[in-house]
Amino acid sequence: MFIFCDIFDFKVLIFACLLAFLPNNLADDAKEGAVPLTQQNIDMTLASNELVFINFYAQWCRFSNSLAPIFEEAATKIRKSFPEPGKVVMGKVDCEKESSVASRFHITKYPTLKVIRNGQPTKREYRGQRSVEAFEEFIKKQLEDPIKEFYDLKELTKLDDKKRMIIGYFDRKDVPEYEIFRRVATNLKDDCQFHVGFGTCSAQNCEIGEHFHFLNASQAMHPPGEPIIVFRSDKALSNDEDETYHGSLKNFDELNIWTQEKCVPLVREITFENAEELTEEGLPFLILFHAPDDIESVKMYKDVVLKTLIDEKQNVNFLTADGVKFAHPLHHLGKSPADLPLIAIDSFRHMYLFPNFHDIHVEGKLKSFLRDLYSGKLHREFHYGPDTSSNELPQVVGQIKVPTTPPESTFKKLAPSKNRYTLLKDEL
């Protein structure tokens, strides 16, 4: 396992060791500041708090020690701003003393800042500014209510139909089903919009407040007065009808799993904001590069992936990318926005171009392209020409020469820098 750190020399190690013995270095026993988390208390802390923001550090790491007083001060202020029990805790883990906890959360760099929401780690690490003010603002934003209330059916027709959404209908806010719904919304607010309407419903008259009237379909599908939760897909890319949740509304895990399946699509859009976290997942990318206004190609790609490649979702990330914003990878492929749409694999070593976008409709063609990646055929043919057993030319850009030089990966450059945090543990 690699633990990342800054450029290291012997003087830095001596400096770090001296810091480790300074009094109150990380305020471990202070009543204020961050809560020390250990193997003994971490499970209870995570289970009993909506949000836990954890600083994973090492005493020998000078960057951990630089962050420590800032994080401690922020923790004290957050405790005063949100004194309500079970709301938020800023904690810290000494990864040298609590190595099992560090391994459990896959810590590979110091310091690492992770958010645990309702007992579950979020996909994104904290990578914002490391200041007291930035931490305060981040926590406040994390604790904002992710659910928007509506009062009239017309409001739902004006929502952004390019985003997936979960819509809840409840008699009142103070029912246990709504609290479960709210907890699920806090977990998945980055992936879906959440909306809610409150009111009572009868067979003759179904209202929320004085203005809202349920759809007739909802009245017919559900007994009057019972909570309803439905999923609405992004209408710009799908014509699917709203899908109703039929599981238990009192079981957090069941509702959370269903909502996650609906809100986290099989095919995701890569942006400069999420590229880093996608690279951290470690799976190669199968990317459709498309023109910004080309909705039809995106629909076709998603449809083919869903129908023919869903069994590959553990092996590859299916992505779409704005080919204008991501013109640099196209340039490496010898292409430009004028060549859109096109499909390519980025293996984090090289990029491989799918010969013809419209061949995605040829049965097995795109799956074969992926299998050629797994078998090493794409890499082999890029460097040494066609396999003697192959009846097809290798998937290369431009004129084929033997040996060839495949385009290097461009997305690997968006991965976290090895020098962003602290020391490489193997260098100690």
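Start by selecting strand 2 (residues 51-57): 7 of its 7 residues are buried, so the strand is largely enclosed by the rest of the structure. Buried here means under 20% relative accessible area, with exposed over 50% and partly exposed in between (1.4 Å probe, protein chains only). Strands (E, at least two residues) and helices (H or I, at least four) are DSSP runs, numbered from the N terminus.

Before going on, a note on what you have open: this is a predicted model, where local features need pLDDT of at least 70 and side-chain atom pairs count only at pLDDT 80 or more, while totals for chains, interfaces and linings use all residues. Residues are numbered from 1 along each chain as its sequence is written, and side-chain values use heavy atoms, leaving out hydrogens and water.

**Around strand 2**

Show the side chains of strand 2 and turn the view from face to face. On one side you will find L51, F53, N55 and Y57, on the other V52, I54 and F56, and all are buried.

Strand 3 (residues 88-94) runs parallel to strand 2 and is joined to it by 7 bridges. Pick I54 and look across to G91 in strand 3, which stands opposite. To follow the chain from strand 2 to strand 3, trace helix 3 (residues 62-81); this β-α-β crossover is right-handed, meaning that with the strands pointing away from the viewer, the path from the first strand over the helix to the second runs clockwise.

Strand 4 (residues 112-117) is antiparallel to strand 2, with 6 bridges between them. Here V52 has I116 as its bridge partner.

Zoom out to see the open sheet of 5 strands, ordered 1-3-2-4-5 with mixed pairing. Strand 1 (35-36) and strand 5 (120-121) stand at the edges with a single partner strand each, so one side of each has no neighbour in the sheet. Strand 1 pairs with strand 3 in the parallel sense over 2 bridges, and V35 stands opposite G91.

Next, select helix 5 (residues 132-142), which lies across strands 2, 3 and 4 and runs at about 145° to strand 2. Axes are lines fitted to C-alpha atoms, for helices over the stretch in contact (heavy atoms within 4.5 Å), and angles run from 0 to 180 degrees between N-to-C directions.

**The disulfide**

The structure holds 1 disulfide. The pair links distant parts of the chain, 71 residues apart: C192 sits in the loop between helix 7 (176-188) and strand 8 (193-198), and C263 in helix 9 (residues 252-263). Both C192 and C263 are buried. The torsion about their S-S bond is about -100°, so the disulfide is left-handed.

**The nonpolar cores**

A nonpolar core is a set of buried Ala, Val, Leu, Ile, Met, Phe, Trp, Tyr and Cys residues joined through side-chain atoms within 4.5 Å. For the largest, with 23 residues, select L286, F318, I343 and L366, which touch the most other members. Helix 11 (295-308) is among the elements that each supply at least two residues, and gives the most, with 5. Leaving aside neighbours within four places in sequence, L366 is in contact with L286, V304, L309, I343, F354 and I360.

Finish at a second, separate core of 22 residues, whose members include I180, F231, Y245 and F252.

Technical notes. A disulfide is a pair of cysteine sulfur atoms within 2.5 Å. Two strands pair if DSSP finds at least two bridges between them.
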